[in-house]
Amino acid sequence: MSEPTVSVIIPAYNCAEVLAEAVESVRAQTYQDYEVIVVDDGSTDDTWATIERLVGEFDKLRPIRAEHKGLAAARNRAIAEMRGQWIALLDADDLWLPEKLARCLDFLAANEHLSIVYTPMDPIKLDGTPMAGHSKPCQAGWLTRELFASIFVHDPAAVFHKRVIDTCGGFDESLPVCIGHEFWLRVSPHFEFGLIDEPLALRRWHDASLTRSNRSRGRRIKAGMLERFYFELGGADLVPKAEAARRLSRVHYSAGKILLKEGQGRLAREYLAKAIRYRRGNLKAYPFYLAAWLMPGRGAD
């Protein structure tokens, strides 16, 4: 059996109701030189039974059953066992348009100096209804400054060569969220990004998604991830100090404001103080910082 060109990686955790649709969107691709690795990340619902059924229907699918260690660990497990040269990520609740792989592989063949290409993603509801207001402008090139300011490279929209993993390492298993943002930011000093500026993937938004289920946790993790990249992983050499200060101030302010709303006064003060320290001119942070100090019990958690 010849080795596939592309390894499609789908982590699956308690997603029995949507997984089959994601797999079917891969099966419907006009480009067919791929394998599909589905990792059941210790699901407690009928996900594994769904995977077993899909294996019987789809001979390109390779199942892996693992202990629950999170999205990053599931992806890394699949990467360790993949046979392809190119990697295409798909979340179990998202979908591809039929020409997604073909368009990306054609683009990469025409631009041999590139190791990454991605596209925009169109947001939809679980029932397929289009959504507005969730898309960000995408860019091509060397993108460290841009990705430090905002995440617009979404994992299911990207295809990248395994040399990216060999050079930069895999996904950070210490992170429960911001996994893709951290990865692409860490990759960005080493690889140029290609862009097909047409949505070829669909992001299904719902309340249970990792990025929406706990907003204050997500903001705190993002703040810490950006600090680590800037101060420890070479970001200071690539992102101008004033830009970094504005971004770090903004994300700490956002985290502090949400924490204050949740009644977590001590943590709110901590993040709002950092927002002010990074940028004294962040005038929006001051009243929230004061409010955190004036909470009943001085805002004790």
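**A walk through the cores, rings and a pocket**

Phe288 is partly exposed, because its relative accessibility is 27%, where partly exposed covers the range between buried (under 20% relative accessible area) and exposed (over 50%), computed with a 1.4 Å probe on protein chains only. The model is a predicted one, in which local features need pLDDT of at least 70, side-chain atom pairs count only at pLDDT 80 or more, and totals for chains, interfaces and linings use all residues. Residues are numbered from 1 along each chain as its sequence is written, and side-chain values use heavy atoms, with hydrogens and water left out.

Let us begin with the aromatic rings. The structure holds 13 aromatic pairs; rings of Phe, Tyr and Trp (its six-membered ring) pair if their centres lie within 6.5 Å, and planes under 30 degrees apart count as stacked, over 60 as edge-to-face and the rest as tilted. Phe183 and Trp184 form an edge-to-face pair, because their ring centres are 4.9 Å apart and their planes stand at 70 degrees. Phe183 is buried at a relative accessible area of 0%, and Trp184 is buried at 0% relative accessibility. Tyr253 and Phe288 also make an edge-to-face pair, with centres 5.8 Å apart and planes at 70 degrees. Since Tyr253 lies in helix H10 and Phe288 in helix H12 (residues 285-293), this pair ties together parts that are 35 residues apart in sequence; helices here are DSSP runs (H or I, at least four residues), numbered from the N terminus. Tyr253 is buried, at 9% relative accessibility.

Ring pairs also link Tyr118, Phe152, Phe160, Phe171, Phe183, Trp184 and Phe193 into a cluster.

Now to the nonpolar cores, each a set of buried Ala, Val, Leu, Ile, Met, Phe, Trp, Tyr and Cys residues joined through side-chain atoms within 4.5 Å. The largest has 61 residues, of which Tyr118, Leu147, Phe148, Phe160, Trp184 and Phe193 touch the most other members. H10 supplies the largest share of this core, 7 residues. Apart from it lies another core of 37 residues, including Ala12, Val23, Val36 and Leu101. Leaving out residues up to four places away in sequence, Phe193 touches several residues, among them Leu114, Ile116, Tyr118, Leu147 and Trp184, with contact meaning heavy atoms within 4.5 Å.

Finally, which helix gives the most to the lining of the second largest pocket? H10 does, with 4 residues. By class, this lining has 2 nonpolar, 3 polar and 5 charged residues.

Terms used. Helix = DSSP H or I, 4+ residues; strand = E, 2+ residues; numbered from the N terminus. Nonpolar A, V, L, I, M, F, W, Y, C, P; charged D, E, K, R; others polar.
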